[in-house]
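Below is a short briefing on one protein model.

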Amino acid sequence: MNKKALSPQEMTVYPSAKLPYRDFRRLMSQLQWSVNHTASRVRTYAALMKLAPSEEQAAELEQMMREEKSYFAMLEQFYMELHGIQPKVEPAALAFDTYEGGLRQAILWEREAIRQFRDTYLLTPSRRVRDLFWYGMSDGADHLAGLLLLLQRPAGEPAEAGA
């Protein structure tokens, strides 16, 4: 699955006929940001699982973490296809020590990711890029809603049926 990296000439206007993108360097920068940011969210959900006041809340966070790991794998593979090497992963340091503080941090990071994914989505006619970032954007919206519900739920209170 390792493919040759694109040459600088291929990166100038359109990296390939299958990936129309006017500013390839910007795409790679946004892709690198997405890799790092997604890795940060994986770490955040892992830490929140340990701080969660109930098993149910920990299970919800574990599901979010699995989804982020899956998305990370997609981003990493796409980066490797375009650049020929694995991305350098630099997740942000965690800056919380309470469950509520972690939820608030995760909410801010999900909102930031949704905006970034939206902007990347809108900058290209490439279906492949758009699909990748649409998936991240819609998954982020789902996580954002789940995090807000977790933040509103007092410790030990069960989720409502169908939530």
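Helices (H or I, at least four residues) and strands (E, at least two) are DSSP runs, numbered from the N terminus. On that basis the protein has five helices and zero strands, and its pattern along the sequence is α-α-α-α-α. This is a predicted model, in which local features need pLDDT of at least 70 and side-chain atom pairs count only at pLDDT 80 or more, while totals for chains, interfaces and linings use all residues. Residues are numbered from 1 along each chain as its sequence is written, and side-chain values use heavy atoms, with hydrogens and water left out.

**Burial and contacts**
- Of the 163 residues in the protein, 44% are buried, where buried means under 20% relative accessible area, exposed over 50% and partly exposed in between (1.4 Å probe, protein chains only).
- Contact means heavy atoms within 4.5 Å.
- Among contacts with a separation of 6 or more, 74% join residues 24 or more positions apart.

**Nonpolar core**
- A nonpolar core is a set of buried Ala, Val, Leu, Ile, Met, Phe, Trp, Tyr and Cys residues joined through side-chain atoms within 4.5 Å.
- The largest one has 37 residues, and those with the most contacts inside it are Leu31, Tyr45, Leu48, Leu61, Phe133 and Leu147.
- At least two residues of this core come from each of α2 (24–51), α3 (55–83), α4 (99–122) and α5 (127–152).

**Helix α3**
- The 29 residues of α3 should span 42 Å at 1.5 Å a residue, and the end C-alpha atoms are 41 Å apart, which agrees; the expected span is 1.5 Å times one less than the number of residues.
- Glycine 84 follows α3 and has a positive phi, near 85°.

**Packing of α2 and α5**
- The axes of α2 and α5 are 13 Å apart, at an angle of about 30°.
- The pair therefore counts as roughly parallel, a class for angles under 35 degrees.
- Leu27, Leu31, Ser34 and Tyr45 of α2 meet Val129, Leu132, Phe133, His143 and Leu147 of α5.

**Two residues**
- Leucine 132 lies in α5 and counts as buried because its relative accessibility is 9%.
- Leaving out residues up to four places away in sequence, leucine 132 touches Leu31, Tyr71, Met74, Leu75 and Phe78.
- Leucine 132 and tyrosine 71 are 61 residues apart in sequence, with 8.6 Å between their C-alpha atoms.
- Phenylalanine 133 contacts Leu31, Ser34, Tyr71, Leu75, Phe117, Thr120 and Tyr121, leaving aside neighbours within four places in sequence.

Technical notes:
Axes are lines fitted to C-alpha atoms, for helices over the stretch in contact, and angles run from 0 to 180 degrees between N-to-C directions. Angles under 35 degrees count as roughly parallel, over 145 as roughly antiparallel, 65 to 115 as roughly perpendicular and the rest as oblique.
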